[in-house]
Amino acid sequence: MRIPILKLSNYLLVSIQTEIDDQSAIKFQEDLLDKIHKTGASGVVVDLTSVDVIDSFIAKVLGDVVTMSDLMGAKVVLTGIQPAVAMTLIDLGIHLNNVTTALNLEQGLSKLHQELGE
């Protein structure tokens, strides 16, 4: 299953609505990086509100997506991280120290707008 990536002005919006498996995560990574390249997006909001469970591979892919997007010139904001997901990330030793987070999509867009000065 592919995760939809929407373009809004100079940003890309991603809302992950289901639990994702390893193959879907890799496809998402490829699709997002391709979309950043094709659109020249300066920012990405990834909404994780519907994600209740995360494993080490998916967590690594999320971290990699943030780093790769940054290398391509797009700032990533993660929104809607559930408590169980946050605890799992810490338990797995995955610290997204340089990643901007927000409670919801609206706040995520606002933070992206502030950080990019657009």
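Predicted model: local features only at pLDDT ≥ 70, side-chain atom pairs only at ≥ 80, totals over all residues.

Colleague: OK, how many helices and strands does the protein chain have?
Modeller: There are 4 helices and 5 strands. Starting at the N terminus, they come in the order β-β-α-β-α-β-α-β-α.

Colleague: And how compact is the chain?
Modeller: Its radius of gyration is 13 Å, close to the 13 Å that the globule rule gives for 118 residues, so the chain is as compact as a globular protein of that length. The C-alpha atoms fill a box of roughly 35 × 25 × 25 Å along the principal axes.

Colleague: Switching to helices: at what angle do H1 and H2 cross?
Modeller: Roughly 10 degrees, and their axes come within 10 Å. Angles under 35 degrees count as roughly parallel, so H1 and H2 are roughly parallel to each other.

Colleague: Which residues make that contact?
Modeller: From H1, they include Ile26, Phe28 and Leu32, and from H2, Phe57, Val61 and Met68 are among them. By class, the contact residues of H1 and H2 split into 11 nonpolar, 2 polar and 2 charged.

Colleague: New topic, what's the volume of the largest pocket?
Modeller: About 170 Å³.

Colleague: Which element gives the largest share of its lining?
Modeller: H2 does, with 4 residues. Strand S4 (75–79) also supplies at least two.

Colleague: And what classes of residue line it?
Modeller: The lining has 5 nonpolar, 5 polar and 2 charged residues. Asp70, Lys75 and His95 are among the lining residues.

Definitions and conventions:
Residues numbered from 1 in each chain as written. Heavy atoms only, no water. 1 Å grid on protein atoms, 1.4 Å probe; cavity = no way out; pocket = protein on both sides within 12 Å on 5 of 7 lines; lining within 4 Å. Points joined across faces, edges and corners; volume = space filled by probe spheres on them. Nonpolar A, V, L, I, M, F, W, Y, C, P; charged D, E, K, R; others polar. Axes fitted to C-alpha atoms, helices over the stretch in contact; angles between N-to-C directions. Parallel < 35°, antiparallel > 145°, perpendicular 65-115°, else oblique. Contact = heavy atoms within 4.5 Å. Rg over C-alpha atoms; globule rule 2.2 N^0.38 Å.
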